[in-house]
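Hi everyone, thanks for making time.

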Amino acid sequence: MTALIVGGDYIQTLKRELLAHGLTDVEHWDGRQSRITKRTIPGSARLVVILYDYVSHSVSNALKQQANKSGVPLVFCRNSTHALRRKLESIELSEIPCRGGDAILSLILIVGQWICLSASVILMPEKRKKHRYENKECA
């Protein structure tokens, strides 16, 4: 699912919040130019977020009309992660937001690598090396 953020300059925290709510891709338009009123919302967009502190009335009205025609949910908020989180929870994009998704994924990868390493040491003892100065084996 793709989200479109219109307005704002530094949106990395907002991108992370959208990713935590199940949106896989985030597109950003700065919203400062008037020609954005002529651009169309991408067909893959499942949500449009307008940061109303950074866009003009004409841009927000044009995007609002396009979103209503295409049936895409529209969220107006400030450039704040907390405000965006409240809005996203009220429209319920995903059932369970996961803010620790990256940490969980990296933990799964680490555990998987540890299991593979321990299995290779147990199953293939001939690959163990001896220390240079001692007769002890190491993995």
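Let's begin with helix α3. One thing to keep in mind throughout: this is a predicted model. So, what do the buried residues of α3 pack against? They pack against α1, which covers residues 12-20, against β3, residues 45-51, and against β4, residues 74-77.

Which residues are we talking about in α3, the helix that spans residues 81-91? The buried ones are A83, L84 and L88. If you look down the axis of α3, those buried residues fall within an arc of 130°, so they line one face of the helix. Now turn to the face of α3 that points away from the buried side, and you'll find R86 and S90, which are exposed.

While we're here, look at the start of α3. A side-chain oxygen of S80 comes to within 3.3 Å of the backbone nitrogen of H82. T13 is in helix α1, and the C-alpha atoms of T13 and S80 are separated by 8.5 Å, although the two residues are 67 residues apart along the chain.

Okay, on to α1 itself. Its buried residues are L14, E17, L18 and A20. Looking down the axis of α1, they fall within an arc of 160°, so here too the buried residues line one face of the helix. And what covers them? The cover includes β1, residues 2-6, and β2, residues 25-29, along with β3 and α3. After α1 comes G22, and its phi is positive, near 100°.

Next, the strands. T2 is in strand β1, and at 10% relative accessibility it counts as buried, because the cut-off for buried is under 20%. If we set aside neighbours within four places in sequence, T2 is in contact with L23, D25, S44, A45, R46 and L47.

Let's follow one of those contacts, R46. That residue sits in strand β3, and with 43% relative accessibility it counts as partly exposed. R46 and T2 are 44 residues apart along the chain, yet their C-alpha atoms are separated by 5.6 Å. Again leaving out neighbours within four places in sequence, R46 is in contact with M1, T2, V72 and P73.

Now a quick word on aromatic rings. The count of aromatic pairs is zero. There is something over a ring, though: R39 lies over the face of W29, at 4.1 Å from the ring centre.

Finally, let's zoom out to the chain as a whole. How many helices and strands are there? The chain has four helices and six strands, and from the N terminus on, the order is β-α-β-β-α-β-α-α-β-β. Of its 139 residues, 27% are buried. Take the contacts with a separation of 6 or more: 61% of them are between residues 24 or more positions apart. As for the surface, the accessible area of the chain comes to about 9700 Å², and 54% of that belongs to carbon and sulfur atoms.

That's my tour, and I'm happy to go back to any part of it.

Methods. Residues numbered from 1 in each chain as written. Predicted model: local features only at pLDDT ≥ 70, side-chain atom pairs only at ≥ 80, totals over all residues. Heavy atoms only, no water. Buried < 20%, exposed > 50% of the residue type's maximum accessible area, 1.4 Å probe, protein only. Helix = DSSP H or I, 4+ residues; strand = E, 2+ residues; numbered from the N terminus. Arc of directions from axis to C-beta. Contact = heavy atoms within 4.5 Å. Polar contact = N/O pair within 3.5 Å; in protein donor to acceptor, adjacent residues only side chain to side chain. Phe/Tyr/Trp six-rings, centres within 6.5 Å; stacked < 30°, edge-to-face > 60°. Lys NZ or Arg CZ within 6 Å of the ring centre and 35° of its normal. Areas by Shrake-Rupley, 256 points an atom, 1.4 Å probe, with all protein chains shown as cover.
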